[in-house]
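Please read the report below alongside the sequence and the 3D view.

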Amino acid sequence: MENIKKVVGRNLKYFRFQSGLCQEKFYEEYKLNPKYMACVERGEINVSIEFLNNLAELLDKDIIDFFNTDPSRIIKEKRIDSKKESYSK
């Protein structure tokens with residue numbers, strides 16, 4: 001089983017990338033410490049469930065999304081969501 005800290009960090013990095021902001025601007029906008037968050041993204045430190053829940057709310061995600069061990073699932077879901085938005089316009 002993959003290290004859960006690395007899974008959370010990889011998913012956080014992916015979600016941040018989806019937001020369209022670089023690391024510095026993203027964390028500056030949400031008043032998060034960039035050095036601390038870089039450690040989280042690299043999977044070097046543990047974060048609390050409460051902190052993860054706050055990040056999920058900021059990123060408009062469900063907290064469970066941070067624990068997804070299949071990165072291709074996230075991409076597939078994002079593509080499906082994009083198609084739904086396109087059809088609804």
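## An exposed isoleucine

Ile-64 is exposed, because its relative accessibility is 58% (buried is under 20% relative accessible area, exposed over 50%, partly exposed in between, with a 1.4 Å probe and protein chains only). Ile-64 sits in the loop between H4 and helix H5 (71-88); helices are DSSP runs of H or I with at least four residues, numbered from the N terminus.

This is a predicted model, in which local features need pLDDT of at least 70, side-chain atom pairs count only at pLDDT 80 or more, and totals for chains, interfaces and linings use all residues. Residues are numbered from 1 along each chain as its sequence is written, and side-chain values use heavy atoms, leaving out hydrogens and water.

## Asn-53

Asn-53 belongs to helix H4 (residues 49-58). With a relative accessible area of 30%, Asn-53 is partly exposed. Asn-53 and Ile-63 are separated by 10 residues in sequence, and their C-alpha atoms are 5.6 Å apart in space.

## The nonpolar core

The largest nonpolar core contains 14 residues (such a core is a set of buried Ala, Val, Leu, Ile, Met, Phe, Trp, Tyr and Cys residues joined through side-chain atoms within 4.5 Å). At least two residues of this core come from each of helix H1 (4-19), helix H2 (23-29), helix H3 (34-41) and H4. H4 gives the largest share, 4 residues.

Leu-59 is among the residues with the most contacts inside the core. Leaving aside residues up to four places away in sequence, Leu-59 touches Leu-12, Phe-15, Arg-16, Phe-26 and Phe-66, where contact means heavy atoms within 4.5 Å.
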